[in-house]
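Good morning, and thank you for coming. I would ask you to look first at the sequence and the structure together, and then to follow me through a few regions in turn.

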Amino acid sequence: MELTGAEIFVECLKAEGVDTVFGYPGGAVLYIYDALYKAQNEINHILARHEQGAVHAAEGYAKSTNKPGVVLVTSGPGATNAVTGIADAYMDSVPLVVFTGQVPRALIGNDAFQEVDIVGITRPCVKHNFLVTRIEDLASTIKKAFFIASTGRPGPVLVDIPKDITQMSYEFSYPSEISIRSYNPTVKGNKRQVRRAIDLILEAKRPVLYTGGGVVLAGAAQELTDFTRLTGFPITNTLMGLGAYPATDPQFIGMLGMHGTFEANHTMHDSDLIVAIGARFDDRVTGNIEKFCPFAKIIHVDIDPATISKNVKVDIPIVGDVKHVLADLLEELRSREQGVNPAQIADWWNQINEWRKTKCLSYDQKPDSPILAQYVVEKLWEVTNGDAYICSDVGQHQMWAAQFYKFDKPNRWINSGGLGTMGFGLPAAMGVQIAHPEATVACITGDGSIQMCIQELATCLQYGLPVKIICLNNGYLGMVRQWQEFFYEKRYSMSYMEALPDFVKLAEAYGHVGMRIENPSDVEGALREAMAMKDRLVFMDFITSAENNVYPMVPAGAGHNEMILV
Amino acid sequence: MENESGALSRVAGLFSARGYNIESLTVAPTEDATLSRLTLVTVGSNEIVEQIIKQLHKLVDVVKVMDLNDYPHIEREMMLVKIDVQKSGACDVVKRISDIFRARIIDVGEKSYTVEVTGSRGKLDGFLQALHELRVVEVVRSGSMGIARGAVALHV
């Protein structure tokens with residue numbers, strides 16, 4: 001059947017099972033929006049208030065479902081506004097397909113109105129991108145885009161579609177399968193490497209499992225949990241990996257890295273075997289690479305071969321899908337006559353329990369002092385029974401959320417880890433809420449971050465998204481201020497927000513409920529009241545201690561065993 | 001790599017984005033019209049070269065990567081050199097050195113000769129070195145191409 005390019009676009013989305021598109025219209029995508037109008041019963045389009053918001057919303061959708069998020073924006077500024085979100089998705093390996101309108105082919109290169117070379121601009125921050133130059137290629141290009149975005153190490157794929165292609169007609173057929181000769185991600189791990197890994201695991205006296213976002217992306221939380229329980233090893237998660245193993249389980253020793261726990265970092269430093277699974281030895285995790293884990297052999301499981309031995313030399317690399325490799329590791333370990341001998345790691349656990357006694361995450365919330373952010377997050381965890389989807393922005397509040405909200409399930413912790421994008425939280429929460437309409441979705445944010453995508457409050461109203469915003473307001477760009485306090489002799493250069501809006505009135509102006517909470521004794525009650533408002537967005541402005549710091553901390557350039565405790 | 005627009009830019013962009021060095025780069029279509037072959041000369045430790053190869057593999061447009069250092073191989077580069085011959089005796093010097101280097105004089109003018117010389121990068125550097133007493137007006141180098149010796153071949 002002959003369809004227009006715009007109709008082909010819509011049919012392709014349907015064929016991919018896309019139920020939601022996040023976007024913003026404009027001149028170059030008018031034919032596509034016209035086709036979407038006619039298909040609105042099948043594809044739900046969410047109108048963000050800024051293209052960055054649309055992309056972060058799609059990321060929230062993708063991170064909470066492991067399905068690709070879909071974005072549609074116009075050419076020029078529509079496309080450039082999406083770049084921050086695309087770069088964010090690239091750093092955190094989020095499967096996204098981003099469609100940008102482009103000026104008609106005849107005008108490309110002519111400095112036409114709203115023309116930018118978005119394929120050129122995004123080349124370093126996408127997994128792949130395409131400019132569709134022929135209508136014959138439109139359907140197969142969209143098929144390729146979804147395939148590339150969601151297989152292997154996931155990532156954003158951008159498809160730039162000139163306006164005239166959306167207008168012209170062509171016979172539609174959607175390829176049922178696609179193969180790309182130069183793109184064949186390794187799924188199964190090498191069996192011999194798996195056997196060698198188990199040999200090391202059985203010999204280890206001071207082992208640790210260090211797991212990252214790859215486990216969440218692979219949907220391998222169950223396999224990881226089984227493997228961890230079978231070995232009896234201590235396990236630490238990266239920021240991106242939280243929830244892949246239950247945080248309330250005694251084998252969990254907390255997050256590692258710059259603001260990880262004392263016990264996790266010391267366990268890493270003193271270990272004789274690191275089993276790294278779906279993690280990438282990021283600088284915020286390793287600290288000073290020269291001082292990183294001096295005694296350890298390293299097994300590294302990852303789907304991306306380029307991640308292996310990139311920052312840290314690995315002894316046993318296993319390239320493959322984490323879910324498959326974990327299943328193989330489990331099978332291999334179970335097939336051995338002798339499993340891990342608990343006595344062999346008993347001293348190690350004694351040592352870890354000693355480190356735990358430092359209680360590095362303790363804080364003292366006095367009833368008559370300002371509210372401490374840690375206390376708010378801990379109460380939020382209690383009030384939501386640890387079962388909420390938590391989105392966060394970037395800064396101190398993000399670290400407190402990671403430290404104090406104990407994630408027992410994967411895909412519940414939605415944050416911007418790699419790029420560290422302020423403004424991520426609220427739009428991401430919209431995407432999560434759309435994917436999970438019945439769930440409790442909270443956005444933990446700060447007075448700085450929330451203002452970077454505050455316009456999305458209007459989107460939340462339009463679609464009735466009852467996100468709960470937990471604004472930990474300390475009047476500062478807290479993480480910047482903390483570094484200035486520690487490393488720049490308290491010269492608080494530009495980290496103080498001298499003019500904050502009245503967030504309660506602001507929320508009300510957008511049609512939502514606003515609350516201001518100033519006393520510790522009101523925190524829990526306010527949280528319960530807000531959570532009870534099932535169908536309303538509630539903006540909770542917690543006035544918190546201004547000069548509160550995130551502890552413990554591995555200062556830049558230090559090793560894991562050189563933490564600042566308080 | 002795929003003979004598609006943007007493919008070269010992805011490779012070049014990868015090198016600049018990750019701080020790798022490009023000594024030379026040459027690219028042209030192959031006998032298979034859907035493919036083009038790119039030869040790139042870079043320097044780095046074994047770890048860096050390994051990482052470069054892995055990163056190149058990740059580019060969807062890159063079909064295969066071969067480190068020619070892993071094989072006995074032939075390296076060739078072409079250079080065109082325009083030399084000022086107004087100084088007395090300059091023509092003879094150009095002719096003599098061209099003979100020694102098996103180079104060819106491909107253009108003769110009143111003021112300048114242009115020479116074509118082919119070989120490894122080292123040979124081309126040597127040729128320029130040998131001409132040091134003359135004024136070289138212009139140098140165009142193609143960048144190195146390489147191919148493995150024997151039956152080893154880079155094909156799809």
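Let me begin with a single residue. Setting aside neighbours within four places in sequence, Asn44(A) is in contact with Asp19(A) and Thr20(A); two residues are in contact if their C-beta atoms, placed from the backbone, lie within 7 Å. The C-alpha atoms of Asn44(A) and Val18(A) are separated by 8.9 Å, and these two residues are 26 apart along the chain. Asn44(A) belongs to strand E3 (residues 44-47) of chain A. Helices (H or I, at least four residues) and strands (E, at least two) are DSSP runs, numbered from the N terminus.

A word on the source. This is a predicted model, in which local features need pLDDT of at least 70 and side-chain atom pairs count only at pLDDT 80 or more, while totals for chains, interfaces and linings use all residues. Residues are numbered from 1 along each chain as its sequence is written, and chains are lettered from A and ligands numbered from 1 in the order in which they are written.

Next, the sheet. Six strands of chain A form an open sheet in the order E11-E10-E9-E12-E13-E14, with parallel pairing; two strands pair if DSSP finds at least two bridges between them. At the edges are strand E11 (252-255) and strand E14 (316-319) of chain A, each pairing on one side only. Within chain A, strand E9 (residues 207-211) runs parallel to strand E10 (residues 235-237), and three bridges join them. Tyr210(A) has Thr236(A) as its bridge partner in E10(A).

Now, two helices. In chain A, the axes of helix H12 (residues 262-270) and helix H15 (residues 346-356) come within 8 Å and cross at roughly 145°. Axes are lines fitted to C-alpha atoms, for helices over the stretch in contact, and angles run from 0 to 180 degrees between N-to-C directions. From H12(A), Phe262(A), Glu263(A), His266(A) and Thr267(A) meet Ile352(A), Trp355(A) and Arg356(A) of H15(A).

Finally, the two chains. How many residues of chain B are in contact with chain A? There are 15, and they meet 12 residues of chain A. On this side of chain B, helix H1 (7-17) and helix H2 (46-58) are the elements that give two or more residues.
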